[in-house]
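Here is a friendly walk through one protein chain, written for someone who likes cut-offs spelled out. Have the model open beside you as you read.

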Amino acid sequence: SPSEEVEDTNEPTKRDRSHLENTLKLNEEKPADDVSGVLQRLRKIYHSSIKPLEHSYRYNELRQHEITDGEITSKPMVLFLGPWSVGKSSMINYLLGLDNTPYQLYTGAEPTTSEFTVIMHGPKLKTIEGIVMAADSARSFSPLEKFGQNFLEKLIGIEVPHKLLERVTFVDTPGIIENRKQQERGYPFNDVCQWFIDRADLIFVVFDPTKLDVGLELEMLFRQLKGRESQIRIILNKADSLATQELMRVYGALFWSLAPLINVTEPPRVYVSSFWPHDYHPETHRDLFLKEEISLLEDLNQVIENRMENKIAFIRQHAIRVRIHALLVDRYLQTYKDKMTFFSDGELVFRDIVEDPDRFFIFKSILAKTNVSKFDLPNREAYKDFFGINPITSFKLLSQQCSYMGGCFLEKIEKAITRELPDLLGSIGLGKKPNVLSCDVTGCGETPKNRYRKP
């Protein structure tokens with residue numbers, strides 16, 4: 001009746017939240033599983049077996065990626081990406097019940113979020129400036145300092161005393177605005193996105209079915225998501241704003257426009273629902289939307305429960321890259337020493353090698369010596385820049401990086417990759433389904449051989 005509709009526009013009915021509490025186990029008083037012992041062992045392996053080689057061959061200057069202790073102990077991170085005004089902030093408000101509190105994230109039809117907002121756990125509601133977050137080395141955000149002052153002004157932290165945030169951290173990002181130049185943002189937006197993408201355990205890419213606009217900015221974003229397909233979930237939000245037939249069309253159109261951007265055998269999971277506190281629009285598929293929402297919450301729960309496996313896999317992947325880098329620098333150095341004679345000009349000799357490493361089989365020999373995947377090899381150009389800053393003569397050969405007490409750097413990292421980290425993974429897998437994903441991503445089965453040592 002018309003009178004009901006009038007009432008409806010004044011105060012939309014709120015949705016029941018019990019499924020949120022139940023699926024995310026927010027009311028369970030069980031002690032959080034104790035992971036501090038595993039984290040201590042992980043830190044120890046990193047500091048004793050991986051970091052020495054990382055430092056010795058200045059891996060940080062190649063990849064700009066040093067792992068801080070804050071990063072090893074940080075909670076799983078859920079990243080919200082997508083065009084502007086698709087409901088990313090509303091979704092976070094809804095999941096955390098922040099609506100109508102002073103700390104709800106701003107939402108609206110215009111592009112409202114211009115900052116990267118990190119929502120984390122704290123004893124009481126408070127806001128933290130980006131500059132403060134980056135200065136605190138105990139937090140995992142200190143590496144963000146390298147993106148400069150302009151960016152730190154666009155970074156903000158909100159602490160909320162919510163049960164879910166004891167186990168996970170949310171990151172809301174500025175919406176992608178097509179037809180707008182990156183330069184206008186005043187900081188390297190894509191690089192910052194990449195930093196968060198590399199560290200996210202779950203990536204929600206949110207769309208609004210009434211305005212599907214897959215343009216250049218979005219294509220750029222999906223290019224940055226390459227290799228992270230297993231973490232991506234696509235959300236078709238505000239699904240109750242369309243009639244069913246229209247929604248089916250949009251669903252097809254979304255897949256059609258994303259297909260060229262995601263070339264994987266298994267497409268990412270798409271969730272179709274309306275993630276906000278108001279009740280679903282009448283005459284829509286409420287049951288379907290509710291089921292979809294519960295699936296998404298179960299997905300989120302799974303990530304929280306697998307956080308240690310993912311952390312170990314992340315450190316192991318890092319160790320594999322550090323090891324390849326060390327083998328390459330060692331090979332460049334060996335080639336340089338072989339070519340040098342008493343009368344050679346060192347700089348000219350080395351320029352020759354850096355300009356055309358294939359002539360000296362530098363990359364080929366690494367692929368042959370160790371079962372390294374060719375996809376893990378850094379590109380040759382990166383090494384031109386790397387040696388531009390770090391002269392070859394400032395490095396030592398791997399065979400000289402051994403001590404009587406400490407053993408050899410290379411052997412230690414290989415032991416970490418093949419034995420210590422998989423053993424750590426095994427120790428937490430007891431009583432749990434083994435997490436297939438970790439081994440898929442990092443190839444736990446590979447056993448690098450050290451062919452430098454005579455049998």
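Let's begin at Val272, which lies in strand β8 (residues 269-272); strands here are DSSP runs of E of at least two residues, helices are runs of H or I of at least four residues, and both are numbered from the N terminus. This is a predicted model, in which local features need pLDDT of at least 70 and side-chain atom pairs count only at pLDDT 80 or more, while totals for chains, interfaces and linings use all residues. Residues are numbered from 1 along each chain as its sequence is written, and side-chain values use heavy atoms, with hydrogens and water left out.

Val272 has a relative accessible area of 8% and is therefore buried; buried means under 20% relative accessible area, exposed means over 50%, and partly exposed is in between, using a 1.4 Å probe and protein chains only. Leaving aside residues up to four places away in sequence, Val272 touches Leu236, Ala239, Leu247, Tyr251, Phe289 and Glu292, where a contact means heavy atoms within 4.5 Å. Its C-alpha atom is separated by 9.7 Å from that of Leu296, 24 residues apart along the chain.

**The sheet**

Strand β8 belongs to an open sheet of 8 strands with mixed pairing, in the order β3-β4-β2-β5-β1-β6-β7-β8; two strands pair if DSSP finds at least two bridges between them. The edge strands, pairing on one side only, are β3 (126-129) and β8. From one strand to the next, the twist averages 20°; such angles run from 0 to 180 degrees between N-to-C directions, with axes as lines fitted to C-alpha atoms, for helices over the stretch in contact.

| Strands | Sense | Bridges |
|---|---|---|
| β2 (residues 116-121) and β4 | parallel | 6 bridges |
| β1 and β5 | parallel | 4 bridges |
| β2 and β5 | antiparallel | 3 bridges |

At the residue level, Met120 stands opposite Glu159 in β4. Asp172 in β5 is the bridge partner of Thr117, and Phe80 also stands opposite Asp172. Which way do the side chains of β5 point? Thr169 and Val171 point one way from β5 and Phe170 and Asp172 the other way, and all are buried. In a regular strand the side chains alternate between the two faces of the sheet.

Helix α6 (residues 88-96) packs on this sheet, where it touches β1 (77-81), β2, β5, β6 (202-207) and β7 (232-236). The direction of α6 makes about 155° with that of β5.

**Two loop residues**

His162 is found in the loop between β4 (155-160) and β5 (169-172). Is His162 buried or exposed? With a relative accessible area of 15%, His162 is buried. It touches Leu26, Leu95, Leu96 and His121, not counting residues up to four places away in sequence.

Arg58 lies in the loop between α3 and α4. Its relative accessible area of 27% makes Arg58 partly exposed. Phi of Arg58 is near 45°, a positive value in a residue other than glycine.

**Nonpolar cores**

In soluble globular proteins, nonpolar side chains tend to be buried together. The largest nonpolar core here has 51 residues, and Tyr332, Tyr383 and Phe387 have the most contacts inside it; a nonpolar core is a set of buried Ala, Val, Leu, Ile, Met, Phe, Trp, Tyr and Cys residues joined through side-chain atoms within 4.5 Å. Helices that each supply at least two residues of this core include α3 (36-56), α4 (59-63), α13 (307-339) and α17 (409-428). The most comes from α13, with 14 residues. A second, separate core of 47 residues includes Tyr187, Phe196, Val205 and Phe207.

Tyr383 touches Leu62, His325, Leu328, Val329, Tyr332, Phe363 and Pro378, again not counting residues up to four places away in sequence.

**Helix α17**

With 20 residues, α17 reaches 27 Å from its first C-alpha to its last, close to the 28 Å expected at 1.5 Å a residue; the expected span is 1.5 Å times one less than the number of residues. At Ala416, α17 bends by about 45°, the bend being the angle between axes fitted to the seven residues ending there and the seven starting there. Among the buried residues of α17 are Leu410, Ile413, Ala416, Ile417 and Leu421.

**The whole chain**

The secondary structure comes to 18 helices and 10 strands. Of the 455 residues, 48% count as buried. Among contacts between residues at least 6 apart in sequence, 80% join residues at least 24 apart.
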